Amino acid sequence: MRVRLWGTALVLALSGTVSPAAAAPPRPDTPAPLEELFDNTAISEDTDPGDADFDGAGRSLSAQDLRAAGWTPGRLLAIDSARLTWPRSEPGEPDNVRADGQAVRVRGQGGALSLLVAATAPGPGGTVTGTGTVRYRDGSRSTYELSAPDWRTGPLSTKAVALPHLNSPEGQQAGPARLYAVSVPLRPGREVSSVVLPQDPGPAGDLHVFAVGVRDAGRGWTASWAASTGGYPAVGPWTDRTLRLVVHAGAGGPRARIRLANTFAAAPVTIGAASVAVQGQGAQAAGRPVPLTFQGRRSARIPAGAQVFGDPVDFAVPAGANLLVSIHLPGTVTAAPVHQMATQRSYLSAPGSGDRTGDGGGAAFTGTLETWPFLTGVDVRGGPGTVVTLGDSITDGARSTAGANRRWPDVLAERLRAQDTLPRYGVANHGIGANRVVTDRYQGDGVSKETGGVSALHRLDRDVLAQPGVRTVIVFEGVNDLLGRAAAPEVTAGLRAIARRAHERGLRVLAATVAPCEGFVSCTPAVEAQRSAVNTFVRNNVRTGDCGAFDAVLDFDAVVRDPRRPQRIAPTYDSGDHLHPGDAGLRALAESVDLRLLVP
């Protein structure tokens, strides 16, 4: 049962049905700020759980848990490139709206509309879905479908934040409680004026909206380097130390910014200071490191599940050079979001050594790292935009020469830089070792040794759709699903879903065939049969009119297979494990790409 108060009229809605006699007066069509529409209280202090009733059963989110995660009243949260403001309400005050056709004032132009949501659904694992409308300043409209997973049983792999408890009249209960950041496409080039939320879904439950905003499409920025967060393992502990991370710039540009993320985390992290420099030798900078700021401040505190963008800085990024991004961690860090397979040595200062981000020399950096914690991107100002490579360990550069930048996306970026006929796109490498299309390796929450990431489907929004200036995505995944005994129809359905969602955002989608793996320990004849079926699907699904899933196909299978035994990688290209191409094979993949196919 839902109870709502409209002016002085009390309206009772049973099973989503309102009798004519009890009908509320018509809702004004004039858009209002979201906070003026709040009609539900989701957050309570642990000592006063009765002050909130999120789900109609007296349960609510813990204000203490939210504060511990850094989600404090009025906090600006950057999630998947959208800037969303957490409600300013104090615990016990209305802090969200139950979607029922309300018109919300929203301003902005970008690639997507982002919303912080959760559902309170009566059944286990429920998702509440509804259709709403976006209104643009030019008078046009578009419809969207909004789905919110249940706050208690929805997937952890796509949540924005998870809280360890929930409050109830019977006392505190074990969680986790979940909140989600979801996005829906906008018409490109049009400025949003307001958003009409979906109608009340009735007995399916309630769809709660806490914040809404327009996602920045990254106009004017090109990704020079990027990496995906694959997990949240234990580290260190690191106390008052400086990380000096070595990354390889693809595209160059006159100005730069960095992106740091606290994905999958349970607690906020404090960045004491940061800098960027061109690498000299080892941890030594080629020149004086350039200090970075965050909204004008040297330090930043990143809430759990959120990210932060560095302010643009006058630092010329040389194309094809190695950079040093230094990050001071003044507190104690015991777990961190990481990209595990850096195939690159980075550096770490001694415990208690303090802020060494300004050091030009490398003497303070006595430790080494083989991962990339926190850092997810380096962008350059200008340029034509970004090509994202979404993949697994082959895209990540497994078994390529460490420190030599011979991953196939590196070679692709090199080829783009070397020509002047087509746009010189940046290439954002979003490969994760052991990643799958359909199923999660890492479950999306908690400290874990598993760093194979959530599935490509579950990370698509963060690692592709939210990337700066993204124009095209190359999808090269599937072998790990098949090695894990997934059937071809599961993989092809996942590839089709990725293409559909990317096309909804106006991206060009290229799919690559799955490379051969005979000789690898778990690559059985049954796996080979499924691989063949996936590749047949990919080759036969180039778009023609309204038919087909992909704009073009890259036949990577044909590039690296042995002509005498097509189930195997050719010896010239095999790294030795019969699954991963070596340096020569990775170069062959990149050189086989017709660069004209990347242009929308």
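Some ground rules. Residues are numbered from 1 along each chain as its sequence is written, and side-chain values use heavy atoms, with hydrogens and water left out. The model is predicted, so local features need pLDDT of at least 70, side-chain atom pairs count only at pLDDT 80 or more, and totals for chains, interfaces and linings use all residues.

Confidence to start. pLDDT is the predictor's confidence in each residue, from 0 to 100. The protein averages 94. A score of at least 70 is reached by 95% of the residues. Residues 1–26 are another matter, with pLDDT below 50. That stretch has 35 contacts beyond near neighbours in sequence; a contact means heavy atoms within 4.5 Å.

Now helix H4, residues 456–465. Helices (H or I, at least four residues) and strands (E, at least two) are DSSP runs, numbered from the N terminus. How many of the 10 residues of H4 are buried? The count is 9. Buried means under 20% relative accessible area, exposed over 50%, and partly exposed in between, with a 1.4 Å probe and protein chains only. The buried residues include Arg459, Asp461, Arg462 and Asp463. Leu457, Leu460 and Leu465 are also among them. The cover over H4 includes strands S13 (173–185), S15 (206–215) and S30 (386–391). It also includes helix H6 (488–504).

Helix H9, residues 583–591, has a buried set too: Gly585, Leu586, Ala588, Leu589 and Ala590. These residues pack against helix H2 (393–396), H3, S32 and helix H8 (556–560).

On to the aromatics. The whole structure holds 10 aromatic pairs. Rings of Phe, Tyr and Trp (its six-membered ring) pair if their centres lie within 6.5 Å; planes under 30 degrees apart count as stacked, over 60 as edge-to-face and the rest as tilted. Take Trp86 and Phe210. Their centres are 5.1 Å apart and their planes are at 15 degrees, so this pair is stacked. Trp86 lies in the loop between strands S6 (82–85) and S7 (97–98), and Phe210 in S15, so the pair ties together parts 124 residues apart in sequence. Both Trp86 and Phe210 are buried.

Next, Trp225 and Trp372. Here the centres are 5.0 Å apart and the planes are at 80 degrees, so the pair is edge-to-face. Trp225 sits in strand S16 (residues 221–226) and Trp372 in strand S28 (residues 372–373), so parts 147 residues apart in sequence are tied together. Trp225 and Trp372 are both buried.

There is also one aromatic cluster formed by Phe54, Trp71, Trp86, Trp151 and Phe210. And two arginines lie over ring faces. Arg83 is over Phe309, at 4.9 Å from the ring centre. Arg257 is over Trp221, at 4.5 Å. The test is NZ of Lys or CZ of Arg within 6 Å of the ring centre and within 35 degrees of the ring normal.

Now the spaces. On a 1 Å grid over the protein atoms alone, a cavity is a set of points where a 1.4 Å probe fits but cannot get out, and a pocket is an open set with protein on both sides within 12 Å along at least five of seven lines; lining residues have an atom within 4 Å of a point. Grid points are joined across faces, edges and corners, and a volume is the space filled by probe spheres set on the points.

The largest pocket has a volume of about 1,200 Å³. Of its 50 lining residues, the closest to the centre are Ala181, Val182, Ser183, Asp461 and Arg501. Which strand gives the most to this lining? S11, with 7 residues. H4 and H6 each supply at least two.

Cavities of 30 Å³ or more number 6. Helix H3 supplies the largest share, 4 residues.

Last, the backbone. Most residues other than glycine have a negative phi, and most peptide bonds are trans. Gly175 and Pro176 are joined by a cis bond, omega about 5 degrees. Pro176 is in S13. Gly236 to Pro237 is cis as well, with omega near 10 degrees. Gln295 has phi near 50 degrees, and is exposed at 55% relative accessible area. Thr343 also has phi near 50 degrees, but counts as buried at 15%.
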